[in-house]
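Here is a short briefing to read with the structure open beside you.

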Amino acid sequence: MNILTENFNTPYHSAPFSSIKNEDYLPAFKELIQTSEKEIDTIVNSTEEPAFKNVIEALAYSGEQLDRASNIFFNLNSAETSDELQHIAQEVSPILTEYSSKISQNEALFSKIKKVYDEKAKYNLNEEQQTLLEETYKGFVRSGALLNEEDKEKLKKISMDLSLKSLQFGQNVLASTNAYFKHITNKTDLAGIPEAIIDQYAEEAKERNLEGWVLTLQYPSYIPLMTYAENRELRKELALANGKKSFDGGEFDNQNLIKELLHLKQQKAELLGYSTYADYVLEERMAKSPTKVLDFLNELLTKAKPYAAKEIEELKSLAKADGIDDMQSYDHAFYAEKLRKEKYDLNDEELKPYFPLNQVQDAVFGLANTLFGLTFEERNDIPKYHEDVKVYEVKENGGYKSLLYVDYFPRKGKRAGAWMTSYKNQYKKDGENSRPHISIVCNFSKPAKDTPSLLTFQEVTTLFHEFGHALHGMLADTQYPTLSGTSVKWDFVELPSQFLENFCYEPEFLKTFAKHYKTGEVLPDEKIQKIEQSKNFMEGYQTMRQLGFGILDMNYHTKVGELEHKSVKEFEDDYTKATQLYPGNAETAMSPSFSHIFQGGYSAGYYSYKWAEVLDADAFQYFKENGIFNPEIAAKYKILLSSGGTKDPMELYKNFRGSEPKVESLLKRAFG
């Protein structure tokens, strides 16, 4: 018996983590693919006249168990991986890619879909059904359904290669990150770094059976070092190591992989009738075209650059006072922190005692209750994949709404960063509303012997960000799994996450939870005021950084031909120079570890962070004007969240806000 192919005998059919063995995965995928193929055969071989219900709807509900097994496997490969799991991923990925290619290139299936699509006027479809029909038909066309046999085979091979190479890219970044550590034996080298962080470095050394302190490139280790270390040479060494990730010509180098991935994407786009991969991607986004994206990014660049330049000049004058005439990028975080302290007398270490993780989590849960009527109850009877994970049953009006898994602390097998994901989609079928299972994964500092996990203010906003995504998943209320939750246009997907971050800067909300973990003292008014004032601190710099990533991404996916005669480093330098505020370094490049676009789903889509910032600034402005806990506006916003991808996002937004979003809302928030 294979646990992954059975109906899970767990509360709410949750993932049976404790019963899954690594050897279960490959046989389960093979069996579940066969089961799913039989479901497709039933649709194709039906002698009934093709209609919306027996073709489009039947297809939308097919493959549920396979989806669940895939979600479990690939989520664990990000959050709790091992050499064995990575090896299985290399075997499983091509099998799944082949399966999806087989469906998308099934001519008999597509002919039925096309017949329903061509005759859609005769069906009395509601808006969600119309969207499903459109998305299904377009999905097949964009997957090559109109290609001839030879080109279909080419596309299939390209898709499999892309799948394997992007997986390899991520594995290289993780391996390259884990391969580096800096062993310190003299504590004076760590001058300036808060004692709590130094304790973490000591713990890391102990885990490696070393004396002294160990620094790594994991964010909870790397960021505090770059922010506080007075030792400039140490900052430089770590920054160089970080900038060389998968860019040192060694075993985990990604430079050739980048070229291969980009050429494969370009081939795919041309095969499907698009001039570039960006054109292919953006057809399905709010932005629609590369020109519109680059115009949007360049407009912001023009407006933000003077602010950024002014910020850097302020930092340079601070550095000059320390005798540094050639300020470098590895000095930025250190002097930004100094300036922030000078301007606002505020540093992360002062604030952290007011933001113990449990209180921040309670606050975000409470906000979800105030705005949307949700409550959270910890469950200890639901299987978990690691002892650090906690599981909550989410309720609305006393009834079950969702499961929420939270996984907060770094581990060797967990990739860096923070993300929200799903173990089970929401959908309605046979009169039942099948609810979602959502997960938040972060990399916050672990509790120490006498100290709970204390968050930097940036980590507080990170938790709110991922919880915003989670709300999009938990509140989902659609008919079909493929249109549920975060299954929306990619440049709309960051609205809920970035929107929720705004609450972290609101005094009336902050006072409800920012309390010292030892004394219970509420964060003093002057500190709250400084948080508010510091909200836009280095906003010009951060904007330039994001614009640099977005412009580079868009150029990678529209000008791949240039890589015939340029190195990855040269290409990166050419297309980021307009956004660079510090001298470059010949030994470093960020592209080889730019997982968002070469492993994640942000290819030709990185601009969407800024695009969504316009949406979130405009949306929160609406709350600000009418009260940040306004129940009527919260109810309208809840409809936007629960609607998933059932409507065009601009239409959804206008239904909520009453008008299209305005760039001015973002500029006003960022630069006053």
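This is a predicted model: local features need pLDDT of at least 70, side-chain atom pairs count only at pLDDT 80 or more; totals for chains, interfaces and linings use all residues.

- Helix H9 (residues 219–228) is largely enclosed by the rest of the structure, because eight of its 10 residues are buried.
- Among the buried residues of H9 are Pro 220, Tyr 222, Leu 225 and Tyr 228.
- The cover over the buried residues of H9 includes helix H8 (195–207), strand E2 (213–216) and helix H10 (232–243), along with helices H14 (329–344) and H15 (348–351).

**Strands E1 and E2**
- Strand E2 is covered on both faces, with Trp 213 and Leu 215 buried on one side and Val 214 and Thr 216 buried on the other.
- E2 pairs with strand E1 (residues 181–184) in the antiparallel sense, over four bridges.
- Trp 213 of E2 is the bridge partner of Ile 184.

**Cavities**
- The whole structure holds two cavities of 30 Å³ or more.
- The largest cavity has about 40 Å³ of space, and its lining divides into five nonpolar, one polar and three charged residues.
- Helix H27 (663–671) gives the largest share of that lining, four residues.
- Residues lining the largest cavity include Glu 539, Lys 610, Glu 613 and Phe 671.
- The second largest cavity has a volume of about 30 Å³, and its lining has seven nonpolar residues, one polar and no charged.
- Helix H18 (495–501) supplies the largest share of the lining of the second largest cavity, three residues.
- Phe 372, Gly 468 and Tyr 637 are among the residues that line the second largest cavity.

Methods. Residues are numbered from 1 along each chain as its sequence is written. Side-chain values use heavy atoms; hydrogens and water are left out. Buried means under 20% relative accessible area, exposed over 50%, partly exposed in between (1.4 Å probe, protein chains only). Helices (H or I, at least four residues) and strands (E, at least two) are DSSP runs, numbered from the N terminus. Contact means heavy atoms within 4.5 Å. Two strands pair if DSSP finds at least two bridges between them. On a 1 Å grid over the protein atoms alone, a cavity is a set of points where a 1.4 Å probe fits but cannot get out, and a pocket is an open set with protein on both sides within 12 Å along at least five of seven lines; lining residues have an atom within 4 Å of a point. Grid points are joined across faces, edges and corners, and a volume is the space filled by probe spheres set on the points. Ala, Val, Leu, Ile, Met, Phe, Trp, Tyr, Cys and Pro count as nonpolar, Asp, Glu, Lys and Arg as charged, and the others, Gly among them, as polar.
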